[in-house]
Amino acid sequence: MLDTNGLRRGSPARGNGSHWCPVSSPSIQTRVVLLAGPSGSGKSFLAAAAGLPVLRLDDFYKEGDAPSLPLVDGSTDIDWDSPRAWDADAAVHAIAELCRTGRADVPLYDIATSSRTGRERLDIGRTTLFVAEGIFAAEIVARCRELGVLADALCLRGRPSTTFRRRLVRDLREGRKSVPFLLRRGWRLLRTERAIVARQTALGAHPCAQPEALGRLAAAAAGRRRSPASK
């Protein structure tokens, strides 16, 4: 079984990507592949396997004391699966900066404490393509297309039961939240996974399993895929 638990901070995929695909032309255009999908679907694993620089969009979560954080209906739990728990404006700004300059200051986020622990300079070097992955990536498809920086948008999908198991094992191992919270969230996401994929597809992300996603990433890196901006 694929280990879809993702890469933690300090991974080469997150750090300086200037070693990847160096380009000498000053007119190089850098574009982004947005990689969405339900929590636990394997986004981090796939992004690392593609061998491209990676921007982790989950680091743009709002902090746990933000007054605008939504609650799960009928509960006191914060709904971390709602786009309102995420700073889309800051994520789009970082993507635009990476496409324009190859560098951006991005937050470091600790999911266990629901807080930003600092910032770092992400340097992807002079590359033609990078991946921005996270559960809310589909929310910014239209904005990236309007900016002319979108190479492709993908939504990973699979068996909800498999996603549930991977997500729970990962979250328990990393101590992301309390066990009761993780179980409540896990069952809720299991029941709504198909609706999550449908929403992300409606927002412009192409639904696919991991093999097809890797193929589309390879095609985008080789410049063989037509930009969604032209659709």
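I began with the surroundings of Asp81 and found that, apart from its neighbours within four places in sequence, Asp81 is in contact with Ile135, Phe136, Arg185, Arg188 and Leu189. I note at the outset that this is a predicted model.

Where does Asp81 sit? I located Asp81 in the loop between β2 (54-56) and α2 (88-101). I then looked at side-chain pairing and found a polar contact of 2.7 Å between the side chains of Asp81 and Arg185.

Next I turned to α5 (179-202), where I listed the buried residues as Phe181, Leu182, Arg185, Gly186, Arg188, Leu189, Glu193, Val197 and Gln200. Arg185, the polar partner of Asp81, is therefore counted as buried under the cut-off of under 20% relative accessible area. For the cover over the buried residues of α5, I recorded β1 (31-36), β6 (150-156), α4 and β7 (206-208) among the elements included.

I then checked the course of α5: this helix has 24 residues and reaches 32 Å from its first C-alpha to its last, which is close to the 34 Å expected at 1.5 Å a residue. Along the way I found a kink of about 60° in α5, centred on Thr192. Just after α5, I noted that Gly204 takes a positive phi of about 115°.

I went back to helix α4 (residues 160-174), whose 15 residues reach 21 Å from first C-alpha to last, close to the 21 Å expected at 1.5 Å a residue. Which residues of α4 are buried? I wrote down Pro160, Thr162, Thr163, Phe164, Arg166, Arg167, Leu168, Arg170 and Asp171. Just after α4, I found Gly175 with a positive phi of about 60°.

Last, I looked at the chain as a whole, and counted six helices and seven strands, with the elements running β-α-β-α-β-β-β-α-β-α-α-β-α from the N terminus on. Of the 231 residues, 48% count as buried, and the chain exposes about 10800 Å², of which carbon and sulfur atoms supply 53%. For contacts with a separation of 6 or more, I recorded that residues 24 or more positions apart account for 79%.

Conventions: Residues are numbered from 1 along each chain as its sequence is written. This is a predicted model: local features need pLDDT of at least 70, side-chain atom pairs count only at pLDDT 80 or more; totals for chains, interfaces and linings use all residues. Side-chain values use heavy atoms; hydrogens and water are left out. Helices (H or I, at least four residues) and strands (E, at least two) are DSSP runs, numbered from the N terminus. The expected span of a helix is 1.5 Å times one less than its number of residues. Buried means under 20% relative accessible area, exposed over 50%, partly exposed in between (1.4 Å probe, protein chains only). Contact means heavy atoms within 4.5 Å. A polar contact is a pair of N or O atoms within 3.5 Å; within protein, one must be able to donate a hydrogen and the other to accept it, and residues adjacent in sequence count only if both atoms are side-chain atoms. The bend at a residue is the angle between axes fitted to the seven residues ending there and the seven starting there. Accessible areas come from the Shrake-Rupley method with a 1.4 Å probe; for residues, only the protein chains shown count as cover.
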